[in-house]
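Subject: The structure I promised you

Hi,

Here is the structure we talked about, ready for you to open. Have a look around first, and then read on for what turned up.

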Amino acid sequence: MKSRKLKQIVLASVLLLSSCGFMDHIKQSAVQQKTPVPEIPVYTAEVKEPSYPAIRTPQGANRLDLETPLRCFVNWETQQMISTVPYNIKAFNLVRNGKNDMLPRFEVNGFSFETMSAEKALLKLTKEAGLKLVAKDAPYASISAENLRGDFTDVVNMIADAAEIYYTYNAANKTLRISRKANFSLYVPQSRTIMLAILDVLRGAGITDFTSDFDDYSITFDADFELRSQILNLIGYFEENPILLAYDVKVFNLYPYKPTGVEWQQIMEVFGFGSIKSAKTGVLGKILTTSNDINVASLTSFLSRQARVEDVGEGKFVVPNLWFSRFDVGKCIRRDSILADLSILTKASYEQNDKIFSDITIESRDGEISKFSIRSRLGENFLIIGLPNTVFEAKSPLFETIIMVVPRVVKTLKTNKALENNL
């Protein structure tokens, strides 16, 4: 309650300060009205879903994903621990989509309201101009203001900003529409690495409803004020923090030859004591930090002595330094696989002396499976072991899921030159 009152006071102050010096070529009063004005209702837009028969899109069409060729292939033979990705500093651009006509030009004098929802405040303001108001998803935040003066457009903008809503105006039918969300397109540098980083950050924030275009390097989505602010912060991030952490991922299912499962203690006998740098136990399973001697080929050779090794899939994701990113493993494996709902949520930071801190959460459709926080050096790998099939609701046959992760560092380099697409 205190924060709301404070917001109301701040709005009143901002509006009073911002309304000075506007044009007065057409003068109307919003509070000193002698002739009563008939009440104009706020029209609420109703969006009805079309009713179709119970027919589903074929699975083949549903599975089409433009990210798959970029996301689901890892060249394990030519991995670079540190790489540089140049990008044009002017390439980031957030654009609001849709037509929005200019509002009528007239001056507002002495417009006041107290503890009123934004749609009612705008209705009180717009009825003098003979405009129709449509509130798509009202009610909105309650705000207050006193003795507002200035151009009509500026006053509408300030009220909308204070209530954190968007508006569009159709001059043909004199209709002002307000809503919590608007449609935006974010244009990113022509770098596939940066494009994947933005997509993974959106998913890390729980945002999945967007359309990506790898031809013009844009991401289109609906955003409220909070999400728009997050996107603008992400754009600003690249100005100050040029580090990205890239993670290459390989997933296996192990079907042990013995009922006791895989004897992981033998890994140090085969690769040597120094091959395992650290081991941490999570709620379920363990995460090992390994030397680069334990890679996909050598690990497969070791495991094949104790179990049938099933290659489930592979992929990659990118985490901007100090941000969260999500990798949906199911995008890179068969959709009928029991691991189709597996995902990896990661927060990463790059520290001094080439150290990487990774906060890794393994999730499935039913929620969190396990979580690990681990610090490693550049050139070391992660190996998550001990995830039993029962966690994925599989009863038999007995198998164990393991996940190998190879972190890499990508340094972004700002330039004013036009660049070709890069990986």
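Let's start with how the chain folds back on itself. Among contacts in the protein chain (contact means heavy atoms within 4.5 Å) between residues at least 6 apart in sequence, 73% join residues at least 24 apart.

Before you go further, some ground rules. This is a predicted model, so local features need pLDDT of at least 70 and side-chain atom pairs count only at pLDDT 80 or more, while totals for chains, interfaces and linings use all residues. Residues are numbered from 1 along each chain as its sequence is written, and side-chain values use heavy atoms, with hydrogens and water left out.

**The overall picture**

The protein chain has nine helices and 22 strands. Those are DSSP runs numbered from the N terminus, with helices being H or I of at least four residues and strands being E of at least two. Of the 423 residues in the chain, 47% are buried. Buried means under 20% relative accessible area, exposed means over 50%, and partly exposed is in between (1.4 Å probe, protein chains only). The accessible surface of the chain is about 22,400 Å², and carbon and sulfur atoms account for 50% of it. Those areas come from the Shrake-Rupley method with a 1.4 Å probe, and for residues only the protein chains shown count as cover.

**Two cores**

A nonpolar core is a set of buried Ala, Val, Leu, Ile, Met, Phe, Trp, Tyr and Cys residues joined through side-chain atoms within 4.5 Å. The largest one here has 36 residues, and Ile198, Phe221 and Phe238 have the most contacts inside it. Two or more residues each come from β3 (82–88), β10 (182–187), α6 (192–204), β12 (218–223), α7 (225–240) and β13 (243–256). The largest share, eight residues, is from α6.

**A helix tucked inside**

Next, find helix α4 (residues 118–126). Seven of its nine residues are buried, so the rest of the structure largely encloses this helix. The buried ones are Ala118, Glu119, Ala121, Leu122, Leu123, Leu125 and Thr126. What do they pack against? The answer is β5 (107–117), β6 (132–135), β7 (142–151), α5 (152–163) and β9 (175–179).

The pairing with α5 is worth a look. The axes of α4 and α5 come within 10 Å and cross at roughly 170°. Here, axes are lines fitted to C-alpha atoms, for helices over the stretch in contact, and angles run from 0 to 180 degrees between N-to-C directions. On the α4 side, Ala118, Leu122, Leu125 and Thr126 meet Phe152, Val155, Val156, Ile159 and Ala163 of α5. These contact residues divide into eight nonpolar, one polar and no charged.

Thr346 lies in strand β18 (residues 343–351), and at 0% relative accessibility Thr346 counts as buried. Leaving aside neighbours within four places in sequence, Thr346 is in contact with residues including Tyr247, Phe317, Trp323 and Ile360. Ser349 is also found in β18 and counts as buried at 11%. Among the contacts of Ser349, again leaving aside neighbours within four places, are Leu245, Leu322 and Phe357.

Ala145 sits in strand β7. The C-alpha atoms of Ala145 and Phe111 are 7.9 Å apart, although 34 residues separate the two along the chain.

- Ala138 and Pro139 are joined by a cis peptide bond, with omega about 5°; Pro139 is in the loop between β6 and β7.
- Glu164 is not a glycine, yet has a positive phi of about 60°. Glu164 is in the loop between α5 and β8 (166–170) and is partly exposed at 44% relative accessibility.
- Leu322 also has a positive phi, near 75°. Leu322 lies in the loop between β16 (307–320) and β17 (324–328) and is exposed, at 51%.

Happy exploring!

Note on methods: Nonpolar A, V, L, I, M, F, W, Y, C, P; charged D, E, K, R; others polar.
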